[in-house]
Structures are given as C-alpha cells and as structure tokens.
Amino acid sequence: MPAEAMPTWKESLLQQPVLSQQLTVCVYSVNTITSVAATMMDIVDTVESTRLSSAVGTQHYDVLVVGAGISGIDAAYHLQQNCPGKSFLMLDTQKEFGGTWRTHKFPGIRSDSDLFTFGYKWKPWSGVPIATAEEILNYLGEVIDERGLSKHIRYSHRVKSASWSGKDKRWTLEVECDDQSETRQFSCNFLWMCQGYYRHSEGYTPDFPGMERFKGPIVHPQTWPEDLDYSGKRVVVIGSGATAATLIPAMAEDCAHITMLQRSPTYFFAKPKEDNLVNWLRKMRLPEKWVHAIARRKILFQQKVVTRRSFQNPEKLRKQLIDGARTYLGEDFDIAKHFTPSYRPWRQRLAVIPDGDLYKAIRAGKASVVTDHIETFTEDGILLKSGKALQADIVVTATGFNLCVMGDIAFVVDGRPVNFADCWGHRGIMFSSVPNMAWVFGYLRASWTMRADMVSVFVCRLLNHMQEKGVSIVTPQLREEDEDMQPRPFVEADNFNAGYLTRKMHIMPKQGDREPWVFSQDYYQERKTIPNADLEDGTLIYR
C-alpha cells in the first residue's frame, strides 16, 4: 500500500469497533511486555549480584555510603526518599555517628555556621542559631531514629581500598572492622563518598623549632586529651582561625591566662547568639517548619549580600568588620596590628564569635592576642622573632587540618591506581575516568550541608536516570571540545586561600573553565546549575 494511503487506511480500520479494541489491546500488550522485560533485566542483575557476592563472600548493595556524619546521613535520607528500591549501607570508621562533631572534643566546640542552614532543609532546627557539638549530635541522632537509619549503618568499619571492575560492573571495598581485628569485603554498584575532606586521625602541626625542648603538653584540638587539666595554667594557642576563636573564650574562665599567638590577623564577625526574628516567630507559635524555612531564607539572603560585598566592595566590608572589633575592644586597643588582615574579606573563613565572646575575654584581661612569628620553643614557653618570650604550661596548636582526598582510601579502576590530581572534577561531584562514584565536598563560605543536600539530589536523580535508561555504568569524560581546557585548582586561591587548602591543593582534582567542569564554590550559582544539570550533555558516558 502506498505510504500516502496509510493514514486513510488506518483511520478506516480504527472506525471498526472490534478492530479498534484489538489494536488498543495490542499496543497495551507491547508496553506491558517492554515493562516486564525491563523488570526481568533488573531481576537478572540482582541474581548476578547475589551470585558474585556469594562467590567471593562479599556483602553487596546498590549503593555504599562512606561516612555517617552530616553528609552521609543526608545521603541516606535522600536514598530512602528518592530511590526507595535501592539497597544501601553506610560505613563509618568511628564507633558512633557524627563525624567531626564526634571526633572533635576540645573545649567549647560548636558550629561556625548557623544551624538553620547547616541543619537539613527537611529537618527543622528548633534551637539557637549557633549550636554546641552535643546539640548537633542530638539533632543527628533524632534523624537516625526518625528515619530508621540505624540498620543501615556499620560502625568501626574503616575502608582501606576501593577497586572498580568494569567486567563485574561494581566496586569492591576492603574494610577493616572492629579495631582492625577483621577484614571484610563489601561491594556496590555505586560508591558515594561522604567522609569529608580532611584527615580525622590527626591535625596539622608545623614543625616548629625546639618543640622537643618544651616541658609541657603540646596539644592539637583535633586530638584533645580528655584528661587535660588546664585550670590555673598559662596557655598559648597558636593560630587565630575558627577553632582558636572557639576554644579561647571557653578556656579563659579556668586558665590563669590564655594567649592567642598569630602570625597575621584574621577577620572575625561578632553576632548575637539569639536571632530576634526567630524568637519573635516562635512567640507567634508558628510551626517549627515555618520558622526554619523563614530563618533559613533570611540567613541565606544575608550571606549572599556579604559574599557579594566581599568581591564587589571589599574595603567597605573590611571597615565594617574592623569597626566591629573596635566596638568591643575600645579605641585604645591596637586594632591595626592584631585585627586588621591584609587579605580581602572571605578569602579565608570569616569566623563567627557569638555575642563577641572572644573580644569580651580579651577586654576583660582573661585572654590576650600577640601578633608575631615563632623563633623557637623553649623549656617553659615560646621565644618570638621580636625577642619577646611567652611563658606557657600548655601549648595548643590550632594550626589547621590535614587535607586528604577520599579519606586516604586507595582507589583502583580496572587494575590501574587512581591519582585524583589527574582527574577533572565534574561539577565538583564526580571525576573523569572514575565510574559510578560521587564525592561530597561542601561549601567553604556557606554551610557545608547546603551543598551536601544539593549533591544528594543530583546523585539520586542520576541513579534514577541510569535505571530508566537500563544502564549500569556512568563515567564522566571530556568531550572533544573540552580537550583544550587549561587546568585550574579545585579551589582557586583568588576565591578561597585558607592554609589547609593551599598546602595540599596539588593532591586535589582539577577543574576547567566551562560547565560541567567548573567548581565555583558559589551556592547561589550552583543552586541553579546543579538541579538543572543536563545528564545527556555528552560528558557522562553510559554503558
């Protein structure tokens, strides 16, 4: 029959009631058969996974999440909500959940971000904006209980290596369990790294001259001894970042005196512990969900304004922050020497001091600040380049983190070791030539969790997209038009240049100059690009 006659023929055929019904049934049957076939393929994959797991004695899951801190718990929630048919397990080195908030035990430990944005969008925060570690752990514990996540977590499970097999279409992890007394294997189709970006086992302490001569304890906040008695002692804290700003006011009441020793000044932002808008909304007896949403939106707007000002009008913001210090410390205090940084605001962390507690401790004479360089440690303190000597019974090195990539886990893809410094970051989430793996690296200016949540939505969307396509493997890969990109640091120094980043940026993946190879560290940009990411733009290769 000629092609031009087809519509007429079909129309006449469909005018016959019986034939019309039969054709409808046929179309429905074809769709049903297609759906059944897809389901059968899923069953075959499941059976094959079970066979391979049994053969090698591994425990297999659709998704393995490494880390049961704030990022890992967020990932688990989104898997439950958005990928309900997928099995998953969380592996954590520690004996309990919480990550940073469990491992850090120094005096006064608290959040440096407000909990309306650091907390989860889907779990209202009902406390004060700046929370203690204990309050944050209680919050995370509530999430685990409410969502029934305990059964999905294995504690004291340290991942040593992760090996990808293209033939088996899976990752196999070698895991040390129960204080290295046993090694087990776990396998998964997709690996989700939520372990953070620094080494939890030890902090960064420079090799200062003469440290071995000092008779007292030298302590890093990250490995704080539970039995350290600093009451009535002279304490010197080396460093002036967020950690120093936290522990100095907390220790000042009990020490004989505590000194903050810094090479150069840091910006601090004194803000009230209480939020007047939040208190007013709660007096109105609005639901906590509403209070949380309103407070979150308000804080995000304020952060956006401050961030934009740090780039567009840095001198005015700089003056405002320095004037804030002067308001607390008085006109006679040497603000120019001790609280006037040389860098643009927000190129390093803008440390929050609730109710100006650090300034108040200095003003009261319980704490002091010294801006100088270390010549050498002595038996009873530190000798400075200026010739001044600081007497100390205890020295605290609040000198930063040890940055690490993927928790120092040895990665192998089809027999070849992975050097992540050779990889291009795909939206700062996935990495070129590394299949079926995502990493949560949060924001350095905004709350970490803002990006963790965004990454979670992206990963779940990708997993569902793969299922709809009937594919098992996804690997980021440069397109032909991307081959000429010049590599840029994963976090550029002009953007954010904290010492713990600049020391180790050479071990980090690289970024490019075009989407999706850019990692902007800009929440306000990424909240548009990541949720709307094109999963078929040619940079994700499916098999």
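**Aromatic pairs, a helix contact and selected loop residues**

Let me begin with a ring and a charge. The charged end of Arg 102 is placed over the ring of Phe 97, 5.0 Å from the ring centre. Here a charge sits over a ring if NZ of Lys or CZ of Arg is within 6 Å of the ring centre and within 35 degrees of the ring normal. Arg 503 likewise lies over the face of Tyr 204, at 3.5 Å from the ring centre.

A word on the basis of these values. The model is predicted, and local features need pLDDT of at least 70, side-chain atom pairs count only at pLDDT 80 or more, while totals for chains, interfaces and linings use all residues. Residues are numbered from 1 along each chain as its sequence is written, and side-chain values use heavy atoms, with hydrogens and water left out.

Now the chain as a whole. Its secondary structure comes to 15 helices and 25 strands; helices (H or I, at least four residues) and strands (E, at least two) are DSSP runs numbered from the N terminus. Of the 543 residues in the chain, 50% are buried, where buried means under 20% relative accessible area, exposed over 50%, and partly exposed in between, with a 1.4 Å probe and protein chains only. Among contacts between residues at least 6 apart in sequence, 72% join residues at least 24 apart; contact means heavy atoms within 4.5 Å.

I turn to the aromatic rings. A pair of aromatic rings is described by the distance of the centres and the angle of the planes. The structure holds 34 aromatic pairs. Rings of Phe, Tyr and Trp (its six-membered ring) pair if their centres lie within 6.5 Å; planes under 30 degrees apart count as stacked, over 60 as edge-to-face and the rest as tilted.

How are the rings of Phe 268 and Tyr 359 arranged? Their centres are 6.4 Å apart and their planes stand at 85°, so the pair is edge-to-face. Phe 268 belongs to strand S10 (residues 268–271) and Tyr 359 to helix H12 (residues 357–363), so the pair ties together parts that are 91 residues apart in sequence. Phe 268 is buried, at a relative accessible area of 3%, and Tyr 359 is buried at 1%.

A further pair, Phe 431 with Phe 490, is tilted, with 6.5 Å from centre to centre and 45° between the planes. This pair also links distant parts of the chain: Phe 431 is in strand S20 (residues 430–431), and Phe 490 is in the loop between strand S23 (488–489) and helix H14 (499–502), 59 residues apart. Phe 431 is buried, with a relative accessible area of 0%, and Phe 490 is buried with 1%.

Next, a helix pair. The axes of helix H9 (residues 288–312) and helix H10 (residues 314–329) come within 6 Å and cross at roughly 120°. Axes are lines fitted to C-alpha atoms, for helices over the stretch in contact, and angles run from 0 to 180 degrees between N-to-C directions. H9 contributes Val 306, Arg 309, Ser 310, Phe 311 and Gln 312 to the contact, and H10 contributes Pro 314, Lys 316, Leu 317 and Gln 320. By class, the contact has 4 nonpolar, 3 polar and 2 charged residues. Ala, Val, Leu, Ile, Met, Phe, Trp, Tyr, Cys and Pro count as nonpolar, Asp, Glu, Lys and Arg as charged, and the others, Gly among them, as polar.

Helix H10 also holds Tyr 328, which is partly exposed at 28% relative accessibility. Which residues does Tyr 328 contact, leaving aside its neighbours within four places in sequence? They are Ala 270, Asp 355, Gly 356, Tyr 359, Lys 360 and Arg 363. Asp 355 lies in the loop between strand S11 (351–354) and H12. Its phi is near 55°, a positive value in a residue other than glycine, and Asp 355 is partly exposed at 29% relative accessibility.

Asn 436 has a positive phi as well, near 50°. Asn 436 lies in the loop between S20 and strand S21 (437–439) and is buried, with a relative accessible area of 1%.

I close with a peptide bond. The bond joining Glu 515 and Pro 516 is cis, with omega about 5°, and Pro 516 lies in the loop between strand S24 (510–511) and helix H15 (523–529).
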